[in-house]
Amino acid sequence: MAKILAVLYPDPVGGYPPDYARDEIPAITGYPGGQTTPTPQTIDFTPGQLLGSVSGELGLRRFLEDRGDTYVVTSDKEAPDSTLDRELPDADVVISQPFWPAYLTAERIASAPRLKLAITAGIGSDHVDLPSAIAHGMTVAEVTFSNSISVSEHAVMQILTLVHNYMPAHDWVTAKKGWNIADSVSRAYDLEGMDVGVLGSGRIGQAVLRRLAPFDVRLHYSDVHRLPKEVEEELELTWHPDARSLASSVDVLSIHTPLHPQTQNLFDDDLIGAMKRGSYIVNTARALIVDRDAVVRALNSGQLAGYAGDVWYPQPPPPDHPWRTMPYEAMTPHVSGSTLSAQARYAAGTREILECWFDGRPIRPEYLIVDGGGLAGTGARSYTVTG
Ligand code: NAD
């Protein structure tokens, strides 16, 4: 029987379960383009429950224990001698979410001779050292599309939040008990008429473009895979051959590529400096795609008018992380892909992957990042392992 180790984020400080704001979530059965939502044989949770925290257990305990498997769930992953490090050496499967990633470094993978499967309950498997996973003969799988629309909605929200100067205006009426119209509007603009671009026009990037089209903006994108001509014409998109061409052409840039050697540290002083003065960057992809301190410098100098996103490095970030105190930000913790709506889909998808794995059935190719000794499925399309 197998040992499955799940590293999940801590329960709410107010206790588990929380008081839910709504009684149900909409039933979604398919994604744009025709991919179906996850199809496990059954689920042991009610969609809309908090599943991603330790007590939520991704709704997997009954399924795994009925099979006779051992299911260990912890949020303890960083301290020396963490539960993750103690439980890893005889684990067969590790599950974690990008919001509270179990960083499966080369050293950790080497410490786990039985480890054959790493599942990302969500999307984005950069917390796994992919070359080491390949060398170790592992499969790395994620629940592709499960939270793509969630993230696209969050990115559009953060674009509007920055451009309209929402956070400082909110602060004036709540924390500061004021009514400071001039202070609130002196950095507020409309999005209408601006040039807005996405880097990466995959599932999330394309959803962002579609959601922004009704705002009467000029849309731009760059991706190593150019979109079909019909899509470019329908959304009136301008394609750019590289990130520099895109970045220097837009007022607002939203980042939607995976983190891999070709995107790591892409937005450094040089590339941010090539943008128009007063540009905005929203990054819900991965923090290491931008140079942390270059962002702070650009906000302080006025080169960037605002920066928002939900991704940090490391996660959780230390209390003195400079993005907690930099000006003109609208940061959140890494939450966009972990709405209760998204959790229902990625918990079901995690179960679907486990059912396939235990039954010896193929995992859907779109869920695969690494398999068979190399990048596979979505991994082969969207990631690289060398620069
Ligand atoms: P996807 O695979 O559908 O799309 C990624 C796109 O990026 C692909 O079209 C790919 O061709 C493109 N790309 C890759 N490298 C590139 C490069 N060097 N230059 C230009 N384009 C490049 O993935 P997705 O579902 O859209 O997710 C994208 C990323 O968003 C994930 O890998 C993950 O890191 C992040 N994400 C974040 C959250 C969150 O909660 N904040 C949730 C889900 C995903």
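## A cis proline and its loop

Pro316 is located in the loop that runs between E11 and E12. In this predicted model, the peptide bond leading from Gln315 into Pro316 is cis, and its omega is near 0 degrees. Pro17 belongs to the loop between E1 and H1.

These bonds deserve attention, because most peptide bonds are trans.

## Aromatic pairs

The model contains 7 aromatic pairs. One of them is formed by Trp312 and Trp323: the ring centres are 5.9 Å apart, the planes make an angle of 55 degrees, and the pair is classed as tilted. Trp312 lies in the loop between strand E11 (304-309) and strand E12 (329-331), and Trp323 lies in the loop between E11 and E12 as well, so the pair ties together parts that are 11 residues apart in sequence.

Why are two values given for such a pair, a distance and an angle? A pair of aromatic rings is described by the distance of the centres together with the angle of the planes.

## Positive phi angles

Glu57, which is not a glycine, has a positive phi near 55 degrees. Its place in the chain is the loop between E1 and H1. Asp81, likewise not a glycine, has a positive phi of about 60 degrees. Asp81 is found in the loop between strand E2 (70-74) and helix H2 (83-87).

Such values stand out because most residues other than glycine have a negative phi.

## Salt bridges

In total, 25 salt bridges are counted in the model. Among them is the bridge between the side chains of Asp44 and Arg62, with an N to O distance of 3.7 Å. Asp44 lies in the loop between strand E1 (3-7) and helix H1 (61-66), while Arg62 is in helix H1, so this bridge ties together parts that are 18 residues apart in sequence.

Another salt bridge links Arg286 with Asp126, and here the closest N and O atoms are 2.7 Å apart.

The protein is divided into domain 1, made up of 3-146 + 338-376, and domain 2, which covers 148-331. Taken over C-alpha atoms, the centres of the two domains are 28 Å apart. How many residues of domain 1 are in contact with domain 2? There are 19 such residues in domain 1, and they meet 10 residues of domain 2. Between them, domain 1 and domain 2 bury about 1,100 Å², and 53% of this area is on carbon and sulfur atoms. On the side of domain 1, Tyr103, Asp126 and Phe145 lose the most area to domain 2; together they account for 45% of what that side buries.

Polar features also occur at this interface. Across the interface of domain 1 and domain 2 there is 1 salt bridge, and 7 residue pairs are in polar contact. The side of domain 1 that touches domain 2 consists, by class, of 9 nonpolar, 5 polar and 5 charged residues.

## The surroundings of Glu366

Glu366 is placed in the loop between helix H13 (340-359) and strand E13 (368-371). Which residues does Glu366 touch, leaving aside those up to four places away in sequence? They are Gln35, Thr144, Arg203 and Thr378.

Conventions
Residues numbered from 1 in each chain as written. Predicted model: local features only at pLDDT ≥ 70, side-chain atom pairs only at ≥ 80, totals over all residues. Heavy atoms only, no water. Domains from an automatic or database assignment. Contact = heavy atoms within 4.5 Å. Buried area = accessible area lost by both parts, 1.4 Å probe. Salt bridge = Lys/Arg side-chain N within 4 Å of Asp/Glu carboxyl O. Polar contact = N/O pair within 3.5 Å; in protein donor to acceptor, adjacent residues only side chain to side chain. Nonpolar A, V, L, I, M, F, W, Y, C, P; charged D, E, K, R; others polar. Phe/Tyr/Trp six-rings, centres within 6.5 Å; stacked < 30°, edge-to-face > 60°. Helix = DSSP H or I, 4+ residues; strand = E, 2+ residues; numbered from the N terminus.
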